[in-house]
Amino acid sequence: MRIFTSITLNYLPKARILARTLKDFHPDWEIDLLINDQSSNFEPENSKLLLDEELFDRIIWIDQLEIPERESWIFKHTIVELCTAVKGIYLQQLINEGIKKILYIDPDIAVFNDLSPLTDLLNNHAILLTPHLLDFTDNKRSIQDNEIAGTLRHGIFNLGFLGINAERIEGKKFAGWWEKRLLDYCYADYDKGLFTDQKWCDLIPSFFNDYFIIRDPGYDVASWNLDCRELSLNNDGMLLVNEKYPLRFYHFTGYDSGAGANAIDEFTKNNEKTIINEIWGWYHRELIANGHNEIGNFQSAYSKFENGKMITNDMRRVYKNRPDLQSKFDQPFNISNRHIDYYTWWQTNDPLAEGLDSKPEEMINHHILPSAQGEHVDFTQRQAQVYTYLLNNEKDNRSKDYKELTVESIDVDKLVKLIAFYLPQYHPIPENDEWWGKGFTEWTNVTRAVPQFPGHYQPHLPGELGFYDLRIKDVQHRQIELAKQYGIHGFSFYYYWFAGKKLLALPINQFQENRDMDFPFCLVWANENWTRRWDGLENEILISQIHTPEMDRDFIKDIEIYLQDERYIRINDRPIIIVYRLDSLPNPNRTAHIWRDYCISRHLGNPYLIAAQTFGFDDPRSVGFDAAVQFPPHNQFQDERLRITSKANIANPEYSSQIYSYARVVEHIQTFPKTPPYPLFKTAFPAWDNEPRRPGRGTVYAGSSPLLYKQWLRTISEWTLEHHSEKSRFVFINAWNEWAEGAHLEPDQKYGYAYLQATMDMLKSMFIDKNT
Amino acid sequence: MLLKNLYHYFLIVRSGLFDREFYLKNNPDVRAVDADPILHYIKWGWKENRDPSSNFDTSWYLETYEDIKNAGINPLIHFIKLGQSEGRIPNPTGKEKDKKSNDVINKDLSLNNPLAQQLKIQSESKSYGKKSRSNQAYIDESLLDIDKLIDKINKNRLFDKYMITISHDNYLKEVGGVQVKLLDRITQFKQNQMGDFHIYPTQRLFSLNHGDSPFFIDLLMDGNYIGTINSNDFVDIFSSQKIEISQIEIHHTMGFKMDFIIELLQHFESHTKLFWAHDFFSICPNYFLMRNDREYCNAPDVDSNACRICLYGELRHKHTNEFKHLFDSINMHVITPSEFALDFWKEKSGLKAEQYSVVPHTVLNWKEQNIPIISQKPIKIAYVGHPIYQKGWHTFKKLTETQNNNPDYRFFQFSNIEQKGNFEFIEIAVTKSNRFLMKEELSHHQIDIAILWSLCPETFSFTLYESLAAGCYIITNPYSGNIQNFLIDNPQRGLIAENEEALIQLFSSGKIIEAVKNYQNNGRPTADFVINNEKIV
């Protein structure tokens, strides 16, 4: 029997354990070690010496393998991809040498008992496979981790083990096919349905006849199948799986990442005596004894350029996707003084910004610059290109989605009640005069924004309402008129109350005093400090919150006048109060208690307390609140997977923030409708971009459109219909008029009334769909 | 809404480089204000040189990478985003110290065992590919004066005949079963006009000494310390001084080089050689026979999976080879303190001796009159002996926790070391001059039940005899060796509970109350506890 395994040098300690434990049972089996690294990387003297004394029968370096355009081929692969891709080549090479029975075994496997049944199996079959899973449980975590993530995503069979008999026709045929596929497609590219060498083997049952699936649970035990494989020891000290099958080999997957230990921890949480801990403890000690501390952190020579700089996955991907680069730089690891090398090319170009990635976003699609492929372009040149582009393409400020004011108004029952957050910072106050300069309002920031990349919608300029001033009552009248016409149910006013001191209260007071402003409303207490940076986090505090029991009482007394108002929004006669930052309240339970006591004693109704999902969030009921309201873009809306920063042609060299895809947000929301155990109100934003507040550092949700917004709103409205009773079917919109965060339903010059129209259309179509 | 901070927050969360518990533990002020530790670090912590985890040294990073310091940016964020890939290191050691530990062995248990600690230290001092650094204690040989030592021997010489006793420590200073037995033996010999040389390793080890450095022993003569000597010189003393050695007794070999013992025994070839198996050290260096200090292992073949995954398995290979060498080279007379121990030893050690004997350490003289004594409620239950895991301490503790507030029971701990819990502590410091203290105290407190829950086989168990003498009803489990064996032969004196659950069930259901009443109704036998000085040779 010939065994081979494939490693980079940092895996040598693991391979040593594999070899030793295998030889304990099969001293006559030969083990080949395939090292995907450069021998020059192996410096520490003692380790080098030992390499000659290893238990391996042969040591093969990757440069001894026949690989066309080797350097270029290696460069296209990450280390994991590389170590798996060579398996096909070496298997074929062994077959060419006339070796008949061959096993591939992963280096992080250790053998615990005799493997001779494999010899018999190989006598009768061409291909031996071990599936990740042989059995299922209905445990949610197990479905998620083992069935979905482990198997459906990564492949049915675990390619930590493979047995081939090349004397049988199908064995040879498989090896040829597999080698070819791995040469061209051995990548972890989930979007394309690829996962290294492993996912390919899902095709074996279709393409080949002479395969055998090993269903003995003693083979390839690993954290992904422990759920269904119970380990025990018999009286003679033999490890058994499910009480009868000797443990043949265990796969210590995830040792270095810590994922393995995590899985074991999780698995042994309720059963501290399980033997799996002891097995991992042994492996850990063995690794240390085999030099893991000394060489386990080695970085592969192929993880770096010749000059020692790390190669990023982006560098590999771009290279992989561009034949022009492959032919230009056929020795991509090399650093040259005389010619331009790939490393220098990468540094001087900005290939990520060229939108050449495999899946360009819609927003970027329209804006690809004339490519400067392979040419040396310096940054000022690029900037000039971007600005020329902007000048030529962004002259007409009106979007194709622009909508005029309609004569219609909402004329159907609103199945959900839409509440829009309402910002009052559109009138000067002495405090803002002092902190930011005379006459400061939100418009001061809104108008200063400039685009940071092609396709970046800035500045947002108002439509019908103009740069309004809320001291003018007519503005508020018109806002309410528009909101009503398009189907908004009410406003949620930001309320700025700092230990008794009120700021920006004019609009709410004006609203409250004028009974003819006939529109439901509620308050959201913006209980964070005011700072230099508009973020409530930085040190330089302009005005701060004080949270004490006295202040809790003062606050509730202060807003009593609103809570009494018949226009105030209630759920089952309970006035709703939203708190923007629950994490700022030192004791939310206490605050809730004080407010409830007060309101009940004043016959205002037990308030319905809603926590905004902003910072440090948990089940609101655990702190005495009734419900939560989503607050995008906080929390899950900043998931890494929604990000497209690398795809934009950013013009500003100082730009330092993140660009997210609005389309991906909507897709994400539709794909993963979250239903927590506590009452939740969902929120959508029409667009979001705080460039005006943080020039060059703003977070952008690019590619927003009225259509996508409508989809988002529809998705969460449907959810609300299903999960809320009639009295509490509220859906929130962030926001009515957050102009400096690019989040406004109010008409602007680019889209006109399109977002309002989308809102009304959504309500109408939802009504029609439910009633036909 | 500082999105950059939020972004940093998520970066840090995802990096796994932030240890919330560590941060709160080291920054009580943060805990006091109930702040989110990550947010605190982002806002203030890094500027105040606080560390996000034991793996990342904030101040060191800033001092080392001046460019980061000058840039005034959060060093952890820099490390996550760029530093890592630039090959910068997070702390002076360059290693992530406490990354989710792969050493998932239950440390709490094996830390109890000094042998585990010794192995840990030895493996830490060993670097792969380098020769193991000797952990031999440093002894300045030039200070050892053999002539002076011989002088001292001659001055102290009282007898014509001597025996040599071998054990792991100074039996006069240390307290334990082996030491007590040695004292008894030596006293007995003195009465027969025979003196004693006692030797033990100068350096304390919890295994055999497998090293190749010079080996030193300490020498006692009739209880007096004579000196430290290189083991190579030891035999010469007797030839040069014409001291007659009539007998050699091995009571323990821990810490010895086996080669030395073999040479010694071969030198006195025609003498009687007793090998006392006080415990199962000749079967495995972890003489408790508990795999990874967790579970009784049944002493399987040293090549078994069980020994492979055991902390002591690798050492056991060398260890058992040394014992095989000893028994192959020397005709021994093996003595165990119980029939059970002898049978077990024969089966599991695989060693062959010339002769075998069973010599119990104590015998019980049962009193003739058994008076029915019915205890009042609550029934008194005691844990007897060292409160360690191997002896069932955890099980006892669990039992007391499950029976907390049960008015039927009152729990006691009779030990030398006090533990905290729902029980009363009775300090028992048995000394050589007060050998019967445990029995007396058990009687004095009118203990009804003794829980003797050894998780691994006892060769003898003094506490069994102490408890029996005090009239206690015994509860044990099927793995406790001689204790369980005694109850099989004398089922009326106690019962064997299948496992921990069954034990707790006995108490929860109240069945134990019935059992004890029956026992006491039939007369509660008590005994005198007598040291056994039976002659062996």
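In this predicted model, helix α9 (residues 259–268) of chain A packs against helix α10 (residues 275–289) of chain A at an angle of about 160°, with the axes 10 Å apart. Axes are lines fitted to C-alpha atoms, for helices over the stretch in contact, and angles run from 0 to 180 degrees between N-to-C directions. Because angles over 145 degrees count as roughly antiparallel, α9(A) is roughly antiparallel to α10(A). Residues G260(A), A261(A), I264(A), F267(A) and T268(A) of α9(A) meet I276(A), N277(A) and W280(A) of α10(A), contact meaning heavy atoms within 4.5 Å.

Chain A contains 26 helices and 32 strands, taken as DSSP runs (helices H or I, at least four residues; strands E, at least two) numbered from the N terminus. Of its 772 residues, 59% count as buried, that is, under 20% relative accessible area with a 1.4 Å probe and protein chains only.

The largest nonpolar core comprises 117 residues, of which W712(A) and W736(A) touch the most other members. Such a core is a set of buried Ala, Val, Leu, Ile, Met, Phe, Trp, Tyr and Cys residues joined through side-chain atoms within 4.5 Å. Apart from this core lies another, of 83 residues, including L149(B) and F411(B). Beyond neighbours within four places in sequence, the contacts of W712(A) include P632(A), F637(A), Y662(A) and F685(A).

Residues are numbered from 1 along each chain as its sequence is written, and chains are lettered from A and ligands numbered from 1 in the order in which they are written. Local features need pLDDT of at least 70, side-chain atom pairs count only at pLDDT 80 or more, and totals for chains, interfaces and linings use all residues, while side-chain values use heavy atoms, with hydrogens and water left out.

Methods. Buried means under 20% relative accessible area, exposed over 50%, partly exposed in between (1.4 Å probe, protein chains only). Angles under 35 degrees count as roughly parallel, over 145 as roughly antiparallel, 65 to 115 as roughly perpendicular and the rest as oblique.
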